Every structure is written in structure tokens, then in C-alpha cells.
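I opened this entry to note down what I looked up, item by item.

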Amino acid sequence: MRGYFDRRQLAHAPERELHNGGYMAYAESPARAEAVAAALPELEAPEDRGEGPILAVHDAGYVDFLKRVPRLWADAGREGDATGYVWPVVGRRPLNLSRVDALIGQHSFDASTPVTADSWSSAYWASQSALAATDAVLNGERAAFALCRPPGHHAGADYCGGYCYLNHAAVAAQAARDAGKARVAILDIDYHHGNGTQDIFADRADVFYASIHADPTTDYPFFWGHADERGHSAGEGATLNLPLPRGTTLAPYRAALQQALDAVAAFSPELLVVSLGVDTYAGDAISFFGIETADYAVLARDIAARGWPTAILMEGGYTIDAIGANVSRFLSGF
């Protein structure tokens, strides 16, 4: 299986994040990608396909924000990474604001996703890796992998959050649509719900989104990913959320996966995008499922058995000494 990664994705390295009421070392560290790359030595550097596919999904003002806000932060005399502290919970509307704190509040939803001078470049090349994998599949590969780091599925069209700045799965799905694929499905198997991906496609019938994740009544992102969220307007019924309790092990997870795959099959996609999170691992540093390393091959075979051309994009996974083996096992199983 061909795979893609650009080492410029390692440059994004925030020092810390606000987590459970205190500051801690940033969990989404460059070491995550380095560990996966070490386990997959044949990864190729992606071509640069430009900003066009990104702007097909993300608001131009938001992209400009990602590029500008670190300089605005420094010009305001601030130390460290650009981090917000106020968000428009109600009455969110377009405003012509210039203070850096206001801009961060407009374009983020948590305090765990600081913007550094390298965030835009790293996220950009992560999206280029996703586009390269998608292009490989569109041109005849059975499946391809992109080591996307920083991850993407929490990012919306005009906001960052959950360590995510650009939504690589959405960029990949839209690129496939623009290449002529009439129906694209996204299967999100990260521990956390991909609220940004759901938000981007919630009112569309041409992209089906299915997510298996920790119950948001107990786990991040809390406010999205509940079972009654099914899309709206033209997209009614094109979203499927399957929340599971903490401690879920292989058997109940596979049952949920079969339910998701059956729903995807009913949609008849011409391409599948898998948002692969291995933070479902039993030993993950910040998550609470019970999937073991050997189980990833089982899950991959379940997905591969459906026969859809598939682009596999990296999302979460935060135990450095296991992430490479978990990703490698999934890809070998696929």
C-alpha cells in the first residue's frame, strides 16, 4: 500500500495545552508522527496540489487567520503560542474584529489547540498528504494511506479545535467529488467524534458520514456526536453516529463497525475515506477503549472486505510506544 508524509508536518510543536483545568505537555506531539513514520519506512513525500482543494472546504478568512494569527500574537507582545480565552457561545455572527484574542475566539472552540508559527505549514502538508493518498486511489490503487499530522477531524470550515486545524478527511472527500465521484463516504473510527467533519457535510446528501466513537455524554467533544444527530436539510439521514461506552472491547466494537459498514453500503459510495484513530487502543494515554494491537488487523479486514476503494487518513493515537505498531497492524490487515 502506498503511503504519504511530509516531514514539514513535524514543525508544529505547541509547548502545552489546557487540559482538565491545568496546563500539561501538548499530547499531539511530533513524536507521534515520527513513531508512525519509523514503522512505515516506505512513505512518500506528497506533491504540492496547492490551496485550491483546501479552500474548497475551508473558509478563506479562516485560512488567512491560520497564517496571520501567530504574527498578530507576537505583535501584541504575547509570549508562547496563540491561545484563546473567550468564545461566542450564542449569537455567533460575522464581525470585523482585529484584536488577536477576538480572532482566536471566532475561529476555534477550545483552549487545547494553540496556533504556532508552524501550524499552517504543518496542517497544509498534512492535507497535501491526504490529497496524495486520495489521488492514488482515484487513479487505480485499491487503497492508500496518509500520515496526517496534525490531525483533522475536529476542524470545521472556519474553526480549529481538538488539535485539528484543517479537516483532511473533508478535503479528501471534496477532492474526490470534484474529480467526478458522485458519492463519497467517510468512516471515522477515532476514539473521539469528528465534529468538524460532521459539521462540514451535515446538510449534504453526496457525502455520507459514519462515526464510531466514545459516548459524548462522557467524552470530548461532548456537544456533538450523539446518536440523534442525523444531518439536516438535504443531508438528513446522511450522518450516522454510533457512540459507545468507555471500556468497549473488540466484540462490541466490531458489532458497531458492521452497523456502520452496512449503512455505508446502503449509500453505495464510489470512494471510502477512513479517518483512522488508534486512540481506541487499550493503553492510549488520553482515551478509554479496550482495543488491542492485534485487533486493528481484524477491524481493517472487516472494512477491506466490503471492497470499496479506500483512502486511509491518520487521526488520533497518543501512546508513542504503541502508535506505530497499531497503525502498521491496521494497514497490514487492510
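I listed the buried residues of helix H10 in this predicted model. They are Ala322, Ile323, Gly324, Asn326, Val327, Phe330, Leu331 and Gly333. I then looked up what covers them, and the cover includes helix H1 (30–39), helix H9 (295–304) and the strands E4 (143–146), E8 (271–276) and E9 (310–314). H10 itself runs over residues 320–333, which makes 14 residues. From first C-alpha to last I read 21 Å, close to the expected 20 Å.

Next I checked the record. UniProt, in an unreviewed entry, places "domain: Histone deacetylase" at residues 29–331. The end C-alpha atoms of that span lie 22 Å apart, and the span is 38% helix and 11% strand.

Then I turned to salt bridges, and the count came to 17. I looked at aspartate 158 and arginine 92, whose side chains meet at 3.3 Å, N to O. This pair links distant parts of the chain, 66 residues apart. Aspartate 158 sits in the loop between E4 and helix H6 (168–178), and arginine 92 in the loop between helix H3 (60–75) and helix H4 (100–106). Aspartate 158 is partly exposed at 22% relative accessible area, and arginine 92 is partly exposed at 48%.

Are the two partners in the bridge of arginine 99 with aspartate 101 buried or exposed? I found arginine 99 exposed at 51% and aspartate 101 buried at 3%. Their closest N and O atoms are 2.7 Å apart.

Last, I noted glutamate 236 with arginine 230, a salt bridge at 2.8 Å. Elsewhere, shared partners join Glu28, Arg32 and Arg149 into one network of salt bridges.

Methods. Residues numbered from 1 in each chain as written. Predicted model: local features only at pLDDT ≥ 70, side-chain atom pairs only at ≥ 80, totals over all residues. Heavy atoms only, no water. Helix = DSSP H or I, 4+ residues; strand = E, 2+ residues; numbered from the N terminus. Expected span 1.5 Å × (residues − 1). Buried < 20%, exposed > 50% of the residue type's maximum accessible area, 1.4 Å probe, protein only. Contact = heavy atoms within 4.5 Å. UniProt positions renumbered as here; feature names shortened; annotations may be inferred. Salt bridge = Lys/Arg side-chain N within 4 Å of Asp/Glu carboxyl O.
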